[in-house]
Amino acid sequence: MIEVRELSKRYGTTTAVRALSFTVRPGHVTGFLGPNGAGKTTTLRMLLGLNTPTAGTATIDGRDFGAVDRGLRHVGALLDAQDVHGGRTARAHLSAVAASNGIPRGRVRDVLDEVGLADVAGRRIGGFSLGMKQRLGIAGALLGDPPVLIFDEPLNGLDPEGVQWLRALLRRLAAEGRTVFVSSHQMSEMELCAEQLIVIGRGELIAAESLTEFAARGTRQGVRVRARAAERLARALRAEGAEVLSGEEALTVTGMDAERIGDLALLYEVALAELTPLTASLEQAFMELTADSVDYATTPRTGEETR
Ligand SMILES: Nc1ncnc2c1ncn2[C@@H]1O[C@H](COP(=O)(O)OP(=O)(O)OP(=O)(O)O)[C@@H](O)[C@H]1O
């Protein structure tokens, strides 16, 4: 379990993360979403003990990860896939990581197979595409078979087949009871694999809930209703407090759920031809909720440190 409490990070005059609190539980894929510059990487680096918080705490399984050297057997992370020694082969790179973490060599072959790099294990990483480097970074995170996995933008650079593969892998790792925390700045990337979401904007928490709950927060949901006696039904629904928009083909009803509409149709003896709850798109909800926190700044601010 990952617990973040009142976590803040300031770089000079920039507040990258502001009093952030959330919990990531095992058994689900949890998406960590926010527009560019929202503070996702900064938060993940604090979780992994790579950045020191200005205030607050970030713990993994109850402990400050930076304070104790628990290695790859406890937490596997992929932060920057490009950050690898290009002169080494994939196999040599993973063997070195395994050796320095006391992980049996046999795991190297297992994870290379797992990420689909077995055939290129003897090639130099310098010649790898970004997608291949992402796979290698994921292999490194899996080496120690850890209960907690943290991935920063792992879908970057993957082709459609790679995206599908990674989604299935993330779901499987979560189904095995692991804590799986995955960042992205695109809702569409998370839509098909995350069950839980932590959404931030300008370093602040916007939402921490299930995907379904998040979708319901966006555009008001409605119900599409078709009936021959549409106008009679519309009058009845309005009288019961619903808002009804009469379209050419169907009524769009808001402020009343499909079950109640069905009950009222029965009561007023109106035969229904269609009764469809309209779900707001997640992308739409994400855009709406983060609209105020999209950072368009392209020039570095003064007083910024370097990592
Ligand atoms: N080392 C640093 N020195 C100064 N400012 C920094 C540093 N790291 C991050 N920032 C600033 O903190 C804010 C959050 O950045 P961060 O990289 O955590 O966001 P992000 O959500 O991961 O964005 P992206 O999706 O673009 O990777 C940004 O305004 C960024 O410019």
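Domain bounds, as used here, come from an automatic or database domain assignment. For this predicted model, the assignment of the chain gives domain 1, covering 2-216 + 284-293, and domain 2, covering 222-278. The C-alpha centres of domain 1 and domain 2 are 45 Å apart.

**Nonpolar cores**

- The largest nonpolar core contains 69 residues, of which Leu94, Ala139, Leu143 and Ile150 touch the most other members.
- The greatest contribution to this core comes from helix H4 (residues 130-142), which supplies six residues.
- Leaving aside residues up to four places away in sequence, Leu143 touches Leu72, Leu94, Val97, Ala98, Ile103, Arg107 and Val111.
- Another core, of eleven residues, lies apart from the largest one; Val223, Leu251, Val253 and Ile261 are among its members.
- In general terms, nonpolar side chains tend to be buried together in soluble globular proteins.

**The open sheet**

- An open sheet is formed by six strands in the order E5-E6-E7-E3-E8-E9, with mixed pairing.
- Strand E5 (75-78) and strand E9 (204-210) stand at the edges; each has a single partner strand, so one side of each is left without a neighbour in the sheet.
- On average, neighbouring strands of this sheet are turned by 15 degrees against each other, direction ignored.
- Strand E6 (residues 148-152) and strand E7 (residues 179-184) run parallel and are joined by five bridges.
- Within this pair, Ile150 stands opposite Phe181 in E7; Ile150 is also one of the residues that touch the most other members of the largest nonpolar core.

**Helices packed on the sheet**

- Helix H4 packs on the sheet and touches E5 and E6, its direction making about 170 degrees with that of E5.
- Helix H5 (residues 160-175) also packs on the sheet, where it touches strand E3 (29-33), E6 and E7.
- The direction of H5 makes about 150 degrees with that of E7.

**Residues with positive phi**

- Glu6, in strand E1 (residues 2-11), has a phi near 50 degrees, a positive value in a residue other than glycine.
- Glu6 has 12 other C-beta atoms within 10 Å and is therefore exposed, the cut-off for that class being 12 or fewer.
- Ala19, in strand E2 (residues 14-24), has a positive phi of about 40 degrees although it is not a glycine.
- Ala19 counts as partly exposed because it has 14 C-beta neighbours inside 10 Å, a number between the limits of 12 or fewer for exposed and 20 or more for buried.

Methods. Residues are numbered from 1 along each chain as its sequence is written. This is a predicted model: local features need pLDDT of at least 70, side-chain atom pairs count only at pLDDT 80 or more; totals for chains, interfaces and linings use all residues. A nonpolar core is a set of buried Ala, Val, Leu, Ile, Met, Phe, Trp, Tyr and Cys residues joined through C-beta atoms within 7 Å. Helices (H or I, at least four residues) and strands (E, at least two) are DSSP runs, numbered from the N terminus. Two residues are in contact if their C-beta atoms, placed from the backbone, lie within 7 Å. Two strands pair if DSSP finds at least two bridges between them. Axes are lines fitted to C-alpha atoms, for helices over the stretch in contact, and angles run from 0 to 180 degrees between N-to-C directions.
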